[in-house]
Amino acid sequence: MRINTPRQMQEELPVLLVDNSNTRTKFALGVGGQLHPAGEVRCLPTRDLAEDSVAGLLSGWRFGRVCISSVVEGSRAVLASSFAGRPLRWVNAALGGPMFHGYAGAATLGADRVANALAAAEYGRFPVVAVDMGTAVTFDVVDRGPRFLGGVIAPGRQMTADALHAQTSLLPRVRAAGVSSRCIGGTTVEAMQAGVELSFEGMLRNTMREIETELGERPFFIATGGDSRHAASRVRELDAVDEHLTLRGIALAADRPW
């Protein structure tokens, strides 16, 4: 009769995948380097992270180990204490193996960018660029090999809108919103929203064009993040939308030897 040790039991259960970003924190289960077939993703606003809220959100889920991608320094202690007693891994470039060898900034590379690069490489379409549209917009470029080349970091849609308010004395705070068929706003708010939207679209197109020029060939662009579907409806140069790209990358990192 086989008797499983606690370590074996933890290894046989799904891995909890945690994508801790500035705005939202996503939780999913992973099996064998992929998202669990059930595909369920649960979310909390990052500002609401606490041991009690995490425990309540994950009620009913059985998992052994935990793999976390975090770009919010203030969340790390809460997440660590929420999973005390379980094997816990933090995503970093060292888990990417040869892909990040030779990249000078590997030690300071954000965990989300590492996860996005790992998942983008799995598409097998090289060169490939993961375009993550959240609080900030990151472009991460992976060449054949696969080999991580680096990327671009730019302001996100809402960050741009917030900056207009923060850096002026009269402009109001507005929510980023898609423009209508007219770009000339009839009110101050409409004018600001149009400016934010057109700046965002222009930044995406121009950055994608510059990346293509620098590579000398057209890469495969994968959009992810909260603004990805909206952007894909406006920027046709985006080749695919994968809302769970970062979680897929965390699953790959979790599947490396512990």
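Which helix gives the largest share of the lining of the second largest pocket? Hold that thought, and I'll come back to it.

First, some ground rules. This is a predicted model, where local features need pLDDT of at least 70 and side-chain atom pairs count only at pLDDT 80 or more, while totals for chains, interfaces and linings use all residues. Residues are numbered from 1 along each chain as its sequence is written, and side-chain values use heavy atoms, with hydrogens and water left out.

A pocket here, on a 1 Å grid over the protein atoms alone, is an open set of points where a 1.4 Å probe fits, with protein on both sides within 12 Å along at least five of seven lines; lining residues have an atom within 4 Å of a point.

OK, the largest pocket: about 800 Å³ of space. Volume means the space filled by probe spheres set on the points, which are joined across faces, edges and corners. There are 33 lining residues, and Thr23, Met133, Gly134, Thr135 and Ala136 sit closest to the centre. H5 is the top contributor, with four residues. Helices are DSSP runs of H or I, at least four residues, numbered from the N terminus.

Now the second largest pocket, at about 190 Å³. Its lining includes Val141, Leu149 and Thr207. And that opening question? The answer is H6, with five residues. By class, this lining has five nonpolar, three polar and two charged residues. Nonpolar covers Ala, Val, Leu, Ile, Met, Phe, Trp, Tyr, Cys and Pro; charged is Asp, Glu, Lys and Arg; the others, Gly among them, are polar.

Key
Helices (H or I, at least four residues) and strands (E, at least two) are DSSP runs, numbered from the N terminus.
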